[in-house]
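Reader: Hi! Could you walk me through this one?
Author: Happy to, here it comes.

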Amino acid sequence: MTFPEILDRVGSMGPFQYLHVTLLALPILGMANHNLLQIFTATTPAHHCRPPPNTSAGPWVLPMGPNGEPEKCLRFVHLPNTSLPNDTQGATEPCLDGWVYNTTRDTIVTEWNLVCSSGKLKEMAQSIFMAGILIGGLVLGELSDRFGRKPILTCSYLLLAASGSGTAFSPTLSFYIVFRFLTGFSISGIVLSTVILNVEWVPTWMRAISSTAFGYCYTTGQFILSGLAYAIPQWRWLQLTVSVPYFIFSLLSWWIPESIRWMVLNGRFSKALKTLQHVAAFNGKKEEGKKLSLEELKFNLQKDISLAKIKYGTTDLFRIPILRHMTLCLSLAWFSTGFAYYSLAMGVEEFGVNLYILQIIFGGVDIPAKFITILSISYLGRHITQAIVLLLAGGAILALIFVPSDMQILRTALAVFGKGCLSGSFSCLFLYTSELYPTVVRQTGMGINNLWARVGSMLAPLVKITGEVKPFIPNVIYGTMALLGGSAAFFLPETLNRPLPETIEDVQNWRHQGKKRKQEPEAEKASQRIPLKPCESGRDPS
């Protein structure tokens, strides 16, 4: 008897699973608040140089830039006891006395003057946040395999609550960056443990639905973020508001059970049996739960127990050919998705549309995008869906190069379409990756691939700086990477309607079965080819 069959005995889709998925999904509502928070807390408003002190009253004339607009980072040189310049000619100097901001919002940009020569610090802060997610994927993936999914999930909730709240009280930009790094670090632990606990506690047919439900929670979180940002113009209060709920989530996580597979692989049979009996009672199958015994559990999961003696690590993902092939293709797909997604998601203010409305539109497109994605992965398959959404996203980003900046509606429509495709890509990847890797390396594989997504999201803000050389360069890079990621997905095996692989041998059997299925039609066609004997006289033999 396999674990899915044991799960059927205690209730594979009953009240327990609904409560389990709900407890895992609630924290995802706040995930967008942290990933996309700098859209609002680091908005760069219209600004210009502050006039020198002790200058006479009168209109302040600004130097004009090459584009015909007033300079944001230069002012006319003003000598003591002289009047202010009243024309556009004269020597200029940097904003030595700070800036005047045309906004009622309080952001990290206005508080720490992250404009002009310091403007790159804003992008650096977002990149370091993504670096935290990257490092967290490496460290917490390994710790989760060692100490269990549930402890890492609970600790990650607490770390996110503490570091997020600490960010709100940061006295300087340096403290802000450190706390944001820790926030990103904790997010990796939440995402990785949530995906694994979801996949291992729901039946095969429910995986796509529950994964998409998590995606919709993230989408709803984007709507919540827009509303909170509109209602709370002070960035410190906004930061605190989105962080405190995770103290509550850390308490709720005590009701989330540990992974049965992890307990079995680590020899904790008594605890695994108690957990299964608790699930059976919760699902109204208490008698079935009582029938389970420790000896039966050990006998039926003998295959899983033997796996505990075999230790696999990160190096095995590249040492074993079948895992290396999957890891390289998935890594490119994850990297290109994170890279392109955050190029669009964090560039909302570049499209010249109301920030709050556009963020709602960007979030709203996820609803049809994820619905179409779940239909596609359920009927067309995983690798076809993954390839299509990345190819479409890459095409949309490249199309932005050829649309003039004054055509805001068309540019916004292309960006929204591309962002929707990339949201679908994330939904597909989380499910697809967890189905491709066998149990013995699943968490490690998820961690490594999630790492590449974070490398992409970390580099995305930095690539925007290349736009100072030529405005079209960033979109060329973003779009090309998305096309490469979509192409890589074609080389991955299909997992539709297949049980989760337990061992590396299970994955290797997929390849052999796939090759066999390809060879069978060819053999059948060859057998149907009947050679015709030529007529010696050239006439019909009859």
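**Helix packing and contacts**

Author: Helix 6 (residues 120-147) and helix 8 (residues 173-201) pack with their axes 6 Å apart, at an angle of about 40°. Axes are lines fitted to C-alpha atoms, for helices over the stretch in contact, with angles from 0 to 180 degrees between N-to-C directions. Helices are DSSP runs (H or I, at least four residues), numbered from the N terminus. This is a predicted model: local features need pLDDT of at least 70, side-chain atom pairs count only at pLDDT 80 or more, and totals for chains, interfaces and linings use all residues. Residues are numbered from 1 along each chain as its sequence is written, and side-chain values use heavy atoms, leaving out hydrogens and water.

Reader: New topic: how many salt bridges does the structure hold?
Author: There are 5, counting a side-chain nitrogen of Lys or Arg within 4 Å of a carboxyl oxygen of Asp or Glu. One of them joins the side chains of E111 and R236 (2.5 Å, N to O).

Reader: Where do E111 and R236 sit?
Author: E111 is in helix 5 (residues 108-112) and R236 in helix 10 (residues 235-243). The pair links distant parts of the chain, 125 residues apart.

Reader: Nice, and which helix has I248?
Author: I248 belongs to helix 11 (residues 245-252).

Key: Helix = DSSP H or I, 4+ residues; strand = E, 2+ residues; numbered from the N terminus.
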